[in-house]
Amino acid sequence: MRLLSVEKLEARHGQLQAVRGVSLGIERGETVALVGANGAGKTTLLRTIAGAHRIAAGRVVFKGEDISSRSPHARAALGMALVPEGRRLFARLTVEENLLLARSAGRTGAWTIDAVMEAFPNLKARRRALAGTLSGGEQQATAIGRALMMNPELLLLDEVSLGLSPLIVDRLYAQLEALKSSGVAMLMVEQDLKRAMAAASRTICMLEGAVAIEGPTAALTREEVTEAYFGLNKARAEALSR
Amino acid sequence: MIFLNQILQGVLLGGYYALIACGLSFMFGVMGVINLAHGSLAVLAAYALYVLADRFGVQPFLGLAMIAPAMALVGWALQRLVLERSVRGGLLAPVLATFGLSIIIDNLLFQRFGADTRSLGPYVGDLSYDSWSLTDEIAIGKLAALTMAVAIVLLGGIQIFLNRTLTGRAIRATAEDPDTAGLVGVNARRINAIAAAIALATVAVAGAFLGMRATFDPYAGATQLIFAFEASVIGGAGSLWGTLVGGIVLGVAQSLGALVNPQGFFIAGHFAFLVVLFARLFFGDLGQRIRTALAGGRRR
């Protein structure tokens, strides 16, 4: 049984159709990169899977259960955690309180406060600091830590490297690499194609709300993905047909 | 000496204001809802305690053990039936909805109990008038001291609950960002209903002390709302310890005002409220924003 399958999913922002009939599947423990240009619908797709955005059509099946009409907190309780774009920490709560809040999902497991502090040592000294006072790297570590505290089976990561220095991003990816061995499946949105393809066993590229190309990372060349990324195949095909 | 006495009595009166402002401040600070039915709900609780005492001989403190949970249920229903829907309509809709609710409560109470004033004083023995004499000129009312103690315990208890428990943290997180709270596994609807239930349980306590320290009638809610509102705003809306400070500032201002002139009681209280409000407008964050906006407008 697949961990997650998304079937012909559609989502809108008012008149704009941000996600157009996307179907994809994720196996347990698999790491999948979701790439695409700005406005390709990656964030909306992730938010729709997590329940933060309304589904216009299609369905989301998680662990064999149709969760299309479930609320975000019910999906969290089933084992799905989103690290949202822009981190979205609770600024007036401390780092520790942000992490502890994840217990609301009611899932116990290997991830505790101590385990998170172990994985992200830069948080140790900031444990009692308000989340609003953290540096970008610390904020991102807290956001990922908060998602891990839900002991998820599927981790949805939305541009975790955004706004961070290359050094911090390197460290973050090293930690994500370590996460893979724990058996958590990950669907990561990433702007940096090279980094995404290095981390993931499978790559999905979106263009204008639909899947442009998809396959095992090993079977895809960067050129193929780049072409899909910018919609060059389509442009060439249109040019030829004229 | 009389001056000192007035200040002391003012501080104790502030305890009552903090008690009545507690629920209002909590609802505004945590849920962002201004509940204009707050005063009427306190009077409703006072009437409920009166009926229990008058008809069934239940002593008000014992009655509170029944009425506080009952008011918590009212809070739950209020959130689900009125606030939750009206909040979707913007900032003004809950204000109008709760204002309407206060009119309904006031008039239903009037229809049922008439215009007679009532008090819970007769049902609490000598507590309502007994006092400890400190000196020949200064005495502390037992009820006033108890009110202050209850205010401190209630405000402190809520603060600890918000800081130390999972539900308390979920309430704070939901206040800040309900969408993200949902993604972390918080059931925001349930949390808001719990917060409303807590707020109204404190309203029941406020109603009990309102009834014990003085008389009330069906339309007494509006005055209580104004005092609660002033104490909340002076203390910095939404801050629980600030609410205690706000209540004390209001109480002291009123006591000192009464020393100057019998009419001075209300005027001095309102004056203190306006001074703090204008000070905020001119020197606080809000004033900074207004000045920036005005300066920007002039440049254009």
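## Two chains in a predicted model

K8(A) is found in strand β1 (residues 4-13) of chain A, where strands (E, at least two residues) and helices (H or I, at least four) are DSSP runs numbered from the N terminus. This is a predicted model, in which local features need pLDDT of at least 70, side-chain atom pairs count only at pLDDT 80 or more, and totals for chains, interfaces and linings use all residues. Residues are numbered from 1 along each chain as its sequence is written, while chains are lettered from A and ligands numbered from 1 in the order in which they are written.

Most residues other than glycine have a negative phi.

| Residue | Phi | Other C-beta atoms within 10 Å |
|---|---|---|
| K8(A) | about 45° | 11, exposed |
| R87(A) | near 70° | 23, buried |

R87(A) lies in the loop between β6 (80-83) and α3 of chain A.

Chain A as a whole has nine helices and 10 strands, and buried residues make up 46% of its 242 residues. Its C-alpha trace spans about 65 × 40 × 35 Å along the principal axes.

The contact between the chains, counted where C-beta atoms placed from the backbone lie within 7 Å, takes 24 residues from chain A and 15 residues from chain B. On the side of chain A that touches chain B, α2 (72-78) and α3 (95-101) each supply at least two residues, and the largest share, four residues, comes from α2(A).

Methods. Two residues are in contact if their C-beta atoms, placed from the backbone, lie within 7 Å. A residue is buried if 20 or more other C-beta atoms lie within 10 Å of its own, exposed if 12 or fewer, and partly exposed in between; C-beta atoms are placed from the backbone.
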